[in-house]
Amino acid sequence: MPRAGLTEARVVEEGERIADEVGLPSLTLAALAERLGVRQPSLYKHISGTDGLRRSIALRAKNELAGVLGRAAVGRARGDAIASMAHAYRMWAKEHPGRYAAVQRAPVPGDRDDEVASANVVRVASDVMAGYELHDDDAIDAIRALRAALHGFVTLEAAGGFGLPVDIERSFDRLVAGLATAFTAWSEGSASSRTGSSSSG
C-alpha cells in the first residue's frame with residue numbers, strides 16, 4: 001500500500017525542492033525516497049521513474065513561470081511590460097534554480113501536456129510583443145532574443161560569471177532597456193516594410 005498521505009503531487013513537490021537545493025541533474029529517486037521517508041520502489045506507485053519525475057517538474061515549472069510572467073506583464077505595455085517581466089523572470093530563476101533548469105527542457109514531440117505548458121510561457125511573451133506590433137515570425141525572433149538574453153544573464157549570474165566591479169543590477173537594467181529599444185526599432189522597421197509593400201503594390 002502507498003504510504004498514507006503520499007500522492008503524486010506530494011512526490012513531485014518534494015522533487016522540486018530537492019532540484020532547487022542540489023540542482024536538477026543531481027536529483028535522484030534515492031534522495032527523493034529518503035526525503036519522503038519511504039523505500040524507493042514506493043515512488044513508482046506515483047511516478048514512472050526519473051524521466052517521469054523530471055517531466056512532471058518541467059510541466060509544473062513551465063506553468064508556474066507562465067503565471068509569474070503573466071502577472072508581471074498584466075496592465076503593462078511595451079518597455080514597461082518587458083522590464084517587469086524580465087525582473088520577474090530573473091527573480092524566479094534565482095529562487096528556483098532546479099525548476100528553472102527544468103523549464104529549458106523542450107517538449108518531446110507528441111507530448112501534448114508539455115507542448116501546452118511550453119505554449120503558455122510563449123503566449124505571455126507573444127502578448128507583450130503584440131504591443132510592439134510584432135507578430136508571426138517577427139514575434140518569434142523577438143521572443144527568442146528576449147529568452148536568449150535573459151537566460152544568458154541569469155545563467156552567468158548563477159555561475160558567478162560576473163566578476164568585474166560594476167553593479168550587476170545596473171547591467172541588468174541596461175540590458176533590459178536595450179532589448180526594449182531594439183524591439184521598438186524592429187517594430188518600426190516592420191511597419192516601414194509593410195508601408196513600402198503597400199505603396200509598391
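H8 supplies the largest share of the lining of the second largest pocket, five residues. Helices here are DSSP runs of H or I with at least four residues, numbered from the N terminus. A pocket is an open set of points on a 1 Å grid over the protein atoms alone, where a 1.4 Å probe fits, with protein on both sides within 12 Å along at least five of seven lines. Lining residues have an atom within 4 Å of a point. The model is predicted; local features need pLDDT of at least 70, side-chain atom pairs count only at pLDDT 80 or more, and totals for chains, interfaces and linings use all residues. Residues are numbered from 1 along each chain as its sequence is written, and side-chain values use heavy atoms, without hydrogens and water.

The second largest pocket has a volume of about 200 Å³, the volume being the space filled by probe spheres set on the points, which are joined across faces, edges and corners. H5, helix H6 (97–103) and H8 each give at least two residues to its lining. Among the lining residues are Pro97, Tyr100 and His151. Five are nonpolar, two polar and two charged. Nonpolar means Ala, Val, Leu, Ile, Met, Phe, Trp, Tyr, Cys or Pro; charged means Asp, Glu, Lys or Arg; the others, Gly among them, are polar.

The largest pocket has a volume of about 510 Å³. Of its 20 lining residues, Ser118, Val121, Val122, Ile143 and Arg147 are the closest to its centre. H4 (50–73), H5 (78–95), H7 (112–130) and H8 (136–158) each supply at least two lining residues. H8 gives the most, six. The lining has 14 nonpolar, two polar and four charged residues.
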